[in-house]
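The following exercises are meant to be worked through with the sequence and the three-dimensional model in view. Each task is followed by a solution in steps.

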Amino acid sequence: MAIREKFEVDLKELQRKLKELGTFTNDSLIRSLKALETKDINLALEVMEEDTKANILEEEINDFAIWLIAQQQPVSIDLRRIIGVIKIATDVERIADFSVNIAKSTIRIGKEGTIGPVESIRKMHQLTLEMLELSLAAFIEEDVEKAKKVAAMDDQVDELYGQTILQYLKNHEGSPESLAETTQLSFVCRYLERAADHCTNIAESAYYLVKGRRYDLNS
């Protein structure tokens, strides 16, 4: 097998591992919100226990990427492809951590807790899932237009976050007994907002890969 052909095979394997981490994180986000909405403590515990898989996948990606650099000594866009995967794996693993944080909030609220209106949380959650999928596709497909869409969706998440926190504060007025639940739901909003920011980081990595320079898509 020619050297270039071998490199392309190894690069596809690296991207496959990144996709696997993305799929795991997507599923973890879905399950964490389901646990919150249904007050399913057992499901929340499962999300927490299975988080080690994200850590293992990130380590595998980093090790394989470093090995690939050492073996092939890539330059220019090939090097950016590998370095980008390392950076993105960190962002995706961090998003998986936010799923765990949502699961922890579910446990703190408990089975007897009152889950208030979560429509805005659902919207933020759905946008974050779409951003994760789109940002990874933008990088792997080297598509800056998809990266731009991710940035626009992040603005929507930020707006929903601000509106939702204000609504929770308003709902809490005169109801001190709901402070614990309100606080945890506010944390969930914050976790989703931060997860969306990490998706934007991935989109910025896609920009860097294609353009060869850094862009701040949040500016």
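**Exercise 1: The surroundings of L14**

Leaving aside neighbours within four places in sequence, L14 is in contact (heavy atoms within 4.5 Å) with I61, F64, A65, L68, I82 and V85. The model is predicted, so local features need pLDDT of at least 70 and side-chain atom pairs count only at pLDDT 80 or more, while totals for chains, interfaces and linings use all residues. Residues are numbered from 1 along each chain as its sequence is written, and side-chain values use heavy atoms, with hydrogens and water left out.

Task: State which residues touch the most other members of the largest nonpolar core.

Solution.
- Step 1. A nonpolar core is a set of buried Ala, Val, Leu, Ile, Met, Phe, Trp, Tyr and Cys residues joined through side-chain atoms within 4.5 Å. Buried means under 20% relative accessible area, exposed over 50%, and partly exposed in between (1.4 Å probe, protein chains only).
- Step 2. In the largest core, which has 59 residues, L14, L18 and I121 touch the most other members.
- Step 3. Helices α1, α3, α4, α5, α6 and α7 each supply at least two residues of this core, and α7 gives the most, with 13 residues.
- Step 4. Another core, of five residues, lies apart from it; A35, L43, A44 and A103 are among its members.

**Exercise 2: The chain as a whole**

Task: Determine how many helices and strands the protein chain has.

Solution.
- Step 1. Helices (H or I, at least four residues) and strands (E, at least two) are DSSP runs, numbered from the N terminus.
- Step 2. The protein chain has seven helices and zero strands.
- Step 3. The C-alpha trace spans about 70 × 35 × 20 Å along its principal axes, and buried residues make up 49% of the 219 residues.

**Exercise 3: An aromatic pair**

Task: Describe the geometry of the pair formed by F98 and Y191.

Solution.
- Step 1. Rings of Phe, Tyr and Trp (its six-membered ring) pair if their centres lie within 6.5 Å; planes under 30 degrees apart count as stacked, over 60 as edge-to-face and the rest as tilted.
- Step 2. The F98 and Y191 rings are stacked, at 6.2 Å centre to centre with 25° between the planes.
- Step 3. Because F98 lies in helix α4 and Y191 in helix α7, the pair ties together parts that are 93 residues apart in sequence.
- Step 4. F98 is buried at 5% relative accessibility, and Y191 is likewise buried, at 15%.
- Step 5. Together with F187, F98 and Y191 form one aromatic cluster.

**Exercise 4: Charged side chains**

Task: Is R80 buried or exposed, and how far away is the nearest side chain of opposite charge?

Solution.
- Step 1. Lys and Arg count as positive and Asp and Glu as negative; His and the chain ends are not counted. A salt bridge is a side-chain nitrogen of Lys or Arg within 4 Å of a carboxyl oxygen of Asp or Glu.
- Step 2. R80, in helix α4, is buried yet has no salt bridge; E142, the nearest side chain of opposite charge, is 7.7 Å away.
- Step 3. By contrast, R122 and E37 meet in a salt bridge at 2.4 Å, N to O. R122 lies in helix α5 and E37 in helix α1, so this pair ties together parts that are 85 residues apart in sequence.
- Step 4. K6 forms a salt bridge with D10, the closest N and O atoms being 2.7 Å apart. K6 is partly exposed at 31% relative accessibility, whereas D10 is buried at 8%.
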